[in-house]
Amino acid sequence: MENKKKPSGINSWPEDDRPREKLLKKGAGALSNSELLAILLRIGTKGTSALDLARKVLKKFSTFRNMAHTDVRDWKEFRGLGGAKIAHIQAALEIGRRYREDDVSAGKQKIASAKDVVDIVMPQLRDLKTEVFKVVYLDSNNRIIDISDASVGTVDQAFPIVREIIHAALQKFAKSIVCVHNHPSANITPSTQDKKFTQELSDAGKLMQIKVIDHVIVGDNQYYSFADEGLAGLL
């Protein structure tokens with residue numbers, strides 16, 4: 001008599017072992033990285049469950065951070081992973097990065113140093129392949145009102161506009177601002193353009209009574225602070 005092969009898909013597992021059911025019963029914190037990723041993948045491929053596929057993906061990329069800034073070419077070796085599933089994963093990773101920023105803004109965290117700003121924005125900026133310029137808007141007690149993107153540029157440079165930054169600060173009733181942008185090259189030394197922009201923004205801020213507290217350049221887990229260096233009349 002021919003033996004039928006038992007189904008190997010997640011649906012055949014005991015309910016408590018299925019990632020989605022486990023999440024609903026015990027909470028997301030009870031799941032491993034592979035189980036969380038399996039929920040995003042939803043289904044696996046022929047002969048491979050979503051959880052097995054998730055494990056293969058994590059074996060290749062090691063961490064969610066490494067997975068964040070990839071393109072379709074990096075996923076070619078995984079059969080059954082099309083554009084839709086990759087988009088789901090990228091969207092979830094982006095939500096995770098933005099959550100930290102939103103959580104800090106909502107909590108009105110106080111900024112006392114360049115490191116306080118870096119701790120908030122580093123996860124969003126350190127792995128990007130193009131320059132992104134962010135502005136942290138602060139109230140009179142140096143508590144965060146908002147964090148927003150002022151400019152998205154090329155790999156070499158971003159072009160934030162002084163007038164728009166100051167205008168946004170006035171609209172948000174901010175008393176001071178901190179500017180932050182990344183250097184994809186990981187070289188955190190400020191360029192001539194960085195220095196010129198910082199001085200122009202500081203001068204414009206003084207005219208409108210918006211204090212530019214700092215301009216921070218972020219690399220890979222390192223940063224440069226204009227204020228810490230006492231440059232461009234910021235102190």
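In this predicted model, strands β4 and β5 (residues 223–225) run antiparallel and are joined by 3 bridges.

Strand β3 (residues 176–182) pairs with β4 in the parallel sense, over 7 bridges. V180 is placed opposite V216, a residue of β4. Together with helix α8, β3 and β4 make a β-α-β unit, and this unit is right-handed. Strand β4 is largely enclosed by the rest of the structure, because 6 of its 8 residues are buried.

The chain as a whole contains 9 helices and 5 strands. Read from the N terminus, the order of elements is α-α-α-α-α-α-β-β-α-β-α-β-β-α. The chain has 235 residues, of which 40% count as buried. Among contacts in the chain with a separation of 6 or more, 60% are made by residues 24 or more positions apart. The accessible surface of the chain amounts to about 13,800 Å², and carbon and sulfur atoms account for 51% of this area.

The loop between α8 (192–207) and β4 (211–218) holds M208, and Q209 is found in this loop as well. M208 counts as partly exposed, because its relative accessibility is 42%. With L170 and L207, M208 forms a nonpolar patch on the surface. The accessible area of these three residues together is about 310 Å². Q209 has a relative accessible area of 68% and is therefore exposed, the cut-off being over 50%. The phi angle of Q209 is near 60°, a positive value in a residue other than glycine.

A positive phi of about 60° also occurs at N142, which is not a glycine. N142 is placed in the loop between β1 (132–138) and β2 (144–152). With a relative accessibility of 25%, N142 counts as partly exposed. Leaving aside neighbours within four places in sequence, the contacts of N142 are with Q109, K110, I111, S176 and I213. The C-alpha atom of N142 is separated by 7.4 Å from that of A112, although the two residues are 30 residues apart along the chain.

A search of the whole structure finds 7 salt bridges. Side chains of opposite charge can pair when their charged atoms come close. In one of the salt bridges, the side chains of D149 and K134 meet, with the closest N and O atoms 2.7 Å apart. This pair links distant parts of the chain, D149 being in strand β2 and K134 in strand β1, 15 residues apart. D149 has a relative accessible area of 46% and is partly exposed. K134, by contrast, is at 7% relative accessibility and therefore counts as buried, the limit being under 20%.

Another salt bridge is formed by the side chains of K60 and E77, with an N to O distance of 3.1 Å. Here too the pair links distant parts of the chain, 17 residues apart: K60 belongs to helix α3, whereas E77 is in the loop between α4 (64–68) and α5 (83–106). K60 counts as partly exposed at 36% relative accessibility, and E77 is exposed, with a relative accessible area of 56%.

The side chains of D52 and R55 also meet in a salt bridge, the N to O distance being 3.3 Å. Both residues lie in helix α3 (residues 50–61), and they are separated by about one helical turn because they are 3 residues apart. D52 is partly exposed, with a relative accessible area of 34%. R55 is likewise partly exposed, at 45%.

Definitions and conventions. Residues numbered from 1 in each chain as written. Predicted model: local features only at pLDDT ≥ 70, side-chain atom pairs only at ≥ 80, totals over all residues. Heavy atoms only, no water. Patch = residues over 30% accessible without salt bridge, like charges linked within 9 Å, V, L, I, M, F, W, Y side chains within 5 Å. Areas by Shrake-Rupley, 256 points an atom, 1.4 Å probe, with all protein chains shown as cover. Salt bridge = Lys/Arg side-chain N within 4 Å of Asp/Glu carboxyl O. Helix = DSSP H or I, 4+ residues; strand = E, 2+ residues; numbered from the N terminus. Buried < 20%, exposed > 50% of the residue type's maximum accessible area, 1.4 Å probe, protein only. Pairing = 2+ DSSP bridges. Right-handed = clockwise from strand over helix to strand, strands pointing away. Contact = heavy atoms within 4.5 Å.
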